[in-house]
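Hi everyone, thanks for coming. Let me put the structure up on the screen, and then we can walk through a few parts of it together.

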Amino acid sequence: GHRNIGYIGGRANAYVTLEMTAGLKGALAEDDLAPNYESFLEIDRGEPGNYDRIAALLAQPERPTAFMLGRDHLGQYFYQACRELKLRVPEDVSVIGYDNISWPDAGEFGLTTIEQPVAAIGREAVALLRRLAAGDESCRQVRLPGELIRRASVMPLAEK
């Protein structure tokens, strides 16, 4: 039901950010949703002004009804801004993170997230490195599915 979805991700020129942004744009296009790039924000972790940029995005009168966070730790800024703007998650705005790696005290917020299969990623990386070191040039791209960890931060638009 969400038609206007924002994105808050990491450093603009980082490979992971570029891939995540491209993936989100592709997913939105598959669902015939036109991305509003005014609602896409890329920030450097630890840089001054991150909170202010997220708060300004959330304070827009036509803000998205849902946000995707490129990393769960960005939820720290997101929830702080929501609290100060008196926005309720998920009643006023839904949010989903990515990686299931949080910040201190995150447990109270119930951030829904997509968990990366870190053990499988490590095993596949080592296996690929071994094959490359042995001269195997047939190494392929490996895709590993993430797992949706449902918590309390997403509400279908119809229930709002």
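Let's begin with helix α2, whose buried residues pack against β1 (5-9), β2 (40-42), β3 (66-69) and α3 (75-84). Please keep in mind that this is a predicted model.

Which residues of α2 are buried? In this helix, which covers residues 50-58, they are N50, Y51, I54, A55, L57 and L58. If you look down the axis of α2, these buried residues fall within an arc of 160 degrees, so they line one face of the helix.

Now for the rings. The count comes to 5 aromatic pairs. One of them is Y37 with F40: the ring centres are 5.4 Å apart and the planes sit at 70 degrees, so this pair is edge-to-face. Y37 is partly exposed, at 47% relative accessible area, whereas F40 counts as buried, at 14%.

Next come F67 and F78, with ring centres 5.4 Å apart and planes at 65 degrees, so this pair is edge-to-face. It links distant parts of the chain, since F67 belongs to strand β3 and F78 to helix α3, 11 residues apart. F67 is buried at 1% relative accessibility, and F78 is buried too, at 0%. Together with Y79 and F109, F67 and F78 form one aromatic cluster.

Finally, let's go out to the surface. V118, I121 and L144 make a nonpolar surface patch of about 240 Å². V118 lies in helix α4, residues 118-133, and is exposed, with a relative accessible area of 55%.

Definitions and conventions: Residues are numbered from 1 along each chain as its sequence is written. This is a predicted model: local features need pLDDT of at least 70, side-chain atom pairs count only at pLDDT 80 or more; totals for chains, interfaces and linings use all residues. Side-chain values use heavy atoms; hydrogens and water are left out. Patches are made of residues with over 30% relative accessible area and no salt bridge: like charges are joined within 9 Å, nonpolar side chains (Val, Leu, Ile, Met, Phe, Trp, Tyr) within 5 Å. Accessible areas come from the Shrake-Rupley method with a 1.4 Å probe; for residues, only the protein chains shown count as cover. A salt bridge is a side-chain nitrogen of Lys or Arg within 4 Å of a carboxyl oxygen of Asp or Glu. Helices (H or I, at least four residues) and strands (E, at least two) are DSSP runs, numbered from the N terminus. Buried means under 20% relative accessible area, exposed over 50%, partly exposed in between (1.4 Å probe, protein chains only). The arc is that of the directions from the helix axis to the C-beta atoms. Contact means heavy atoms within 4.5 Å. Rings of Phe, Tyr and Trp (its six-membered ring) pair if their centres lie within 6.5 Å; planes under 30 degrees apart count as stacked, over 60 as edge-to-face and the rest as tilted.
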